[in-house]
Amino acid sequence: YSAVGCMIEATTTLTRAEMCAVLFADVISFSKLDETKLPNFITGYLQPLARTIQFARHNGYGPLDFNTWGDGLFCIFDSLFKAGQFALEMQRLVVSGQWQLTRGAEKLRLRIALHAGPVYRIPDPIFPKDTFLGTNINFAARIEPVTPPGEIYCSEAFAALAAVEGAQDFAFKYVGKIKCPKNSGTHPLYALKQLP
């Protein structure tokens, strides 16, 4: 904590908090996956995911930054509309069955979570790129574990700010106040849905 705090403090003269949308996603039951199927996981999930990110960037709604670790995906966007559009594209791929571990079997299921708020953008001292830090990124990560498989859940802040931004391609359905993990409290959450 102190190291991150010092890093933010040291760079506040170079940058300031930016309003961003944050996406976290993971594959259900990845930890139970037999290691012999890891090559299939690469071809059935990671490679299609890479193509999805490239397609989104080519078409103007890709993330500013992204990272993966195992089955986890983190993305950050400069627009809530872009984040929602990308989340829906991921959901469509899951429903279509294009993401699967083996031919015709074991289709992948994802949980996708969205949040929005001010985050710090700073030069990464390890990698030659910018990195993003802040409590709003942490909160997005807390929504993902309580999201049902196949759904996109988002915070109240994301739903409200998307409306302010004028996003009209998707709608929000209130799902209730849900207790989030790691002592992060109980929060009103919404399901993001594609408009017909």
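## Contacts of Leu110 and Asp26

Leaving aside neighbours within four places in sequence, Leu110 is in contact (heavy atoms within 4.5 Å) with Ala25, Asp26, Val27, Ile28, Tyr45, Met90, Val94, Trp99, Pro148, Pro149, Gly150 and Glu151. This is a predicted model, in which local features need pLDDT of at least 70, side-chain atom pairs count only at pLDDT 80 or more, and totals for chains, interfaces and linings use all residues. Residues are numbered from 1 along each chain as its sequence is written, and side-chain values use heavy atoms, with hydrogens and water left out.

Asp26 is found in strand β1, residues 17-27, strands being DSSP runs of E of at least two residues and helices runs of H or I of at least four, numbered from the N terminus. Asp26 counts as buried at 13% relative accessibility, where buried means under 20% relative accessible area, exposed over 50% and partly exposed in between, with a 1.4 Å probe and protein chains only.

## Nonpolar cores

A nonpolar core is a set of buried Ala, Val, Leu, Ile, Met, Phe, Trp, Tyr and Cys residues joined through side-chain atoms within 4.5 Å. The largest has 37 residues, and Leu23, Phe86, Met90, Leu110 and Phe158 have the most contacts inside it. Its largest share, eight residues, comes from α3. A second, separate core of 10 residues includes Phe24, Val119, Phe132 and Ala140.

## Phenylalanine rings

Ring pairs (centres within 6.5 Å; planes under 30 degrees apart stacked, over 60 edge-to-face, the rest tilted; rings of Phe, Tyr and Trp, the last by its six-membered ring) link Phe81, Phe158, Phe170 and Phe172 into a cluster.
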